[in-house]
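Subject: Structure handover and notes

Hello,

Please read the notes with the structure open.

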Amino acid sequence: MVKMEKDSVLTLFEGRFVSDALKVVWLRFISNEEALADAKGFNPDFAHQHFGEKETIYGYENLRFTLNYTDATMFLYPEISFTTAVSSVEKDMKEDDLIRKLKDQLPLGQINMMVESKEQFQILLSKQSKFRPFGQLVTKFTTKEKSLEAYKVSKSSPDFNAYLARVQSLALWYIDAAQYTDNDDPLWLHYLLYESRMHESGDGTCAYSFAGYVSLYRFYAYPDRIRPRVAQIMLLPQYRKSGIGAKLLDVVYKDLCSMPEVLDITAEDPADNFVYLRDYVDCINCSKLPEFSPEKLKSGFTQEMKNVALEKLKITKVDFVAIRNLAFASIFKRQCRRVYEILRLKCTNMKDPEEAKAYRLDVKRRLELPMKRNERDWKKIQRALDDNEYAQKQMDFSFPFVPYEIQRSLMSEIKQCIEEQQVHSLRSLTPSRNVWLQIGIFESPTGTGKSMSVLCATMTWLEDFEKKTEEDLMRKSGFFNETIDDDWISAHKKKMEFERIEAETYEKRKVLDKIKEKVRNAKEGIKNRNRKRSLWNAINFEEGMEPINSDVPENYESEEEFYSNNEEALDVVKIFYASRTHSQLDQLVDELKKTRFLPRVVTAVSRQTLCVNDDVRRLKHNHLINERCMELRKACTREGKRVKLNEKANSNVGCSANKCPYYKSDAIEELSNEIIAGVLSRPKEIVQRGKEFLACPYFSTRLSLPLCQLVLLPYQVLLHASTRAAWGIRLKGNVLVFDEAHNILGTIGRRFHVTWAILESQLKSKNLMYMRQLLTIVVAMDQFLRKNAAISEELGLTDINLFKIVHYLDATDMCRKFHGFFIRAMNRKVALQSSSASQGGIAKLMAGKNAATRLMEVVNEARATIFIGGTMEPADLLIKSIAETVVLIMCEVPNGCVVFFTSYDNMSTFLSVMKKFRVIEHANMNKEVFVETRASSEGIWDKFVIASRRHEGAVLFAVAGGKLSEGINFSDELGRAVFMIGLPYPNKNSVELKEKMAYLDSQIRCGGNKFYQSLCMHVVNQAIGRAIRHQKDYAAVYLVDHRFTRQDITSALPRWIREKIQCPNSFTEALSLTKTFFKNKM
């Protein structure tokens, strides 16, 4: 049975059975039975926790999924309505089980909060009249004819914990990546907001409707204070856009600030909406201060404003959203400036040219401050150096900022590796070739600006190389001089050599002049009219087959397709910069724009990414896109009609309806010129301009590549020979850079160590029929030829319509595909094996086994190859060393130990290496080992608690930021030692994180990087802070990463840890400190 992917089903049914969860899910909040029929519904903000990353529901037509909540007690009744289910149309398909997906996300122990009948829900509605809010009333207020009451719950109870869990089930729909809190933890503090109204019965009692909540965690602050941190804030949609959210936040701030034990208030990873809400509250509070009156605001930001804000609002400067005030929400220094600009904009008449100009200049002065600081740094350097030294420092590598020593050293080594023979070089693995390869392997930790360093080093080398090449050609021009030599034979040899050198020089200068002319024409927008014929002729070249489920890159085509003999191919020396993902390549373009270098840049991405033809893009699968693209381009020159394979669908479709409107030579060259001229550098920009020009971005990118100096591309394109040929990538004489090179062997393994099967079940029934008939014909012909029979001998094919077979071969380009398949098979030297009957397949192909051969193919050709990454040491040996260190230290620790990792994958790798080298057995450690899983860890935690209380103890391997690193205490015997292995930096390629960092950079100098580091250190502090929970508790904390010695990392640790940090110089010293620490505690 074939299990079809949902993307295929989407194509098949044209979206009929795929629904957007954000549009078909409706949440309703019901107060009584009368409101059940006509209560207003609201769509959720997020649905990925229930329905996956794409937030789609599969299997229903005209779906409406309604979640009815009792508006006070928060019980749930789901209703599902639709017109057709996919299982009724296609028996092999099955629709999503919506009730199961909903139950999977309900809080543990609260499965009974959901009822499945309307009668049960009506009973729950009738009981709502008895509901009374939990906790202590904080305040009452009225907005837009709604009376609201805020309650504070500082002590939990079983009833409240169950109620809060039901409330937090809504957070999964309205808070991105929301999680249920551990409500048994006494340090949680909750504020709940209700709308109050007189009960319909008229008995004078109040009825309540839940409106929103704020949850905070009261972190300990030395010596006897607390630091509440906002973890979740949610307001139901019917109460938004009416000022209620701002009022709720203000109420929470004022109540917390009335508590003497509160040091400050922070917010955990504030979302954009929370930042806007905070800005609004801060602006309201500051506008009440006389120092922020409109007259003073128009005079500019003053020290008086800052001092008054700091003094009266008692702001605390932290990396989170800081709040501290007896009457107002506090704001830190940069936030004060931000509020000033908002308030000044409010009171500025933008229609008045003078006022508007004054405001813009004021903002501009603030934006220029970081640049002026950089100028001051250079002035300090200039005072310390003489003119020549200063000029040399400023020009070296043209680094956009004052480089650190590690950056300067890295740039110098990379440039030296490219320039000098046998520097950082290795002997070729090919015994028959006596060559030295220029290979540099560099390790640069995350956060040290390695991408910028590599760009500056390689661009500086390329700039110098081009300059020296041109100077050498100028010097060699006219090199031949008539010389007098008594030996006429020797004189003739010298003359011939001089003439050869001069001829070569002339040809090289001629090529260089053509390149300059081409680039100049591109910048001036001049097209090469001679290319038009070559583009159209290129269609007739045969292309390689794109097999079903091919694991090879999808862009294979004959190299001749885009390069015609009518025009000599021009090429320049290039830097090929390869990385693992497209987002990393996009980030590199951003880095390049910070420098003075202006190379011609192009990014070699897939046809699927660059295609702008909607009819082709909707096919989604790469091999289908490639094949359809080729068909449309062939149709541009094919005359007559194209008859479809299915006779019933025979139609008279001419060439005009069957060709790609974007495959036009003039438009393609015009778009290519913009790439060469440097107007376009990102794939997104090229795609957008391609739509405007009606030009194919894919072929425009390929056309511009030979003249580009910096080519950005993913590993897969660079490592696959056929794809390199299709793109016209020539490695000889060029420089290769592999960024994040620690991923490269894994990429090669995944790309080429594959089992590739063409299964009968992957073919449609009609195609399978023709393929079997074709196989019968081939077998019969083979037998006929082998017997060398007479021409008149029957082949036994009377039951096969040969005309239909010929038609099938023509309509499907089967000959081309078979030819391409054969060529690829021969190039890869694959072994063809017969597939067993149980596999139901035609053939099974096993690809190459040695990943190094793929890498050496490119390394052997290149001028120099640079491998750079965060960790380039042999991974297993490094992990083994860390594991042995951790285990030996744990042998000296009584009771429980906890080891935190940066991710589940890293933990899995660590444990597999420990098992491989039998680290625990060799160390004779008696502790019982427990491992946190991605699924529920409740049973593991209970067993760990029991084992830790024994003297031998236990060790728990967990993930920082996971289920066991937050909300669970490792107090007393549970956590006598905590190990933090590595720094858990979040994924910097996340779109949301990139946008936040960009926004913070626009507001605060280096704000994005500070925010990025604060996210990491927040997870670290959460993890290591789980161990010491009261005054008499004790534990040893081990920070296993050399980056913890950096000042910026150390300063982000809690003060009580910072003051007691020790950095042993050896393992022996670390072990001795451990023994002494626990001996003194006994």
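What covers the buried residues of α38? The cover includes α10 (272-287) and α39 (1007-1024); the background to that comes first.

This is a predicted model, in which local features need pLDDT of at least 70 and side-chain atom pairs count only at pLDDT 80 or more, while totals for chains, interfaces and linings use all residues. Residues are numbered from 1 along each chain as its sequence is written, and side-chain values use heavy atoms, with hydrogens and water left out.

Helix α38

The 13 residues of α38 reach 19 Å from the first C-alpha to the last, close to the 18 Å expected at 1.5 Å a residue; the expected span is 1.5 Å times one less than the number of residues. L993, K996 and M997 are the buried residues of α38 (buried means under 20% relative accessible area, exposed over 50%, partly exposed in between, with a 1.4 Å probe and protein chains only). Because these residues cover an arc of only 95° around the axis, they lie on the same side of α38; the arc is that of the directions from the helix axis to the C-beta atoms. V991 and E995, on the other side of α38, are exposed.

Strand β10 (residues 146-153) is mostly covered, with 6 of its 8 residues buried. Strand β9 (residues 136-143) runs antiparallel to β10 and is joined to it by 7 bridges; two strands pair if DSSP finds at least two bridges between them. Within this pair, F141 stands opposite L148 in β10. The hairpin of β9 and β10 has 2 residues between the strands, and K144 takes a positive phi near 50° there. β10 also pairs with strand β11 (residues 188-198), in the antiparallel sense and over 7 bridges. In that pairing K152 stands opposite Y191 in β11.

Cysteines

How many disulfides does the structure hold? The number is 0, a disulfide being a pair of cysteine sulfur atoms within 2.5 Å. C286 is in no disulfide, and the nearest cysteine sulfur, that of C336, is 5.9 Å away. C286 counts as buried, at 1% relative accessibility. For C660, the closest cysteine sulfur is in C696, at 6.2 Å, which is too far for a bond. C660 counts as buried at 14% relative accessibility.

A883 is found in helix α34 (residues 875-890). With a relative accessibility of 0%, A883 counts as buried. Not counting residues up to four places away in sequence, A883 touches F910, M914 and V919; contact means heavy atoms within 4.5 Å. A883 and V913 are 30 residues apart in sequence, and their C-alpha atoms are 8.4 Å apart in space.

F1077 is found in helix α42 (residues 1067-1081). F1077 is partly exposed, with a relative accessible area of 26%. Leaving aside neighbours within four places in sequence, F1077 is in contact with Y1034, A1035 and A1036. F1077 and V893 are 184 residues apart in sequence and 9.7 Å apart in space, C-alpha to C-alpha.

Regards

Key
Helix = DSSP H or I, 4+ residues; strand = E, 2+ residues; numbered from the N terminus.
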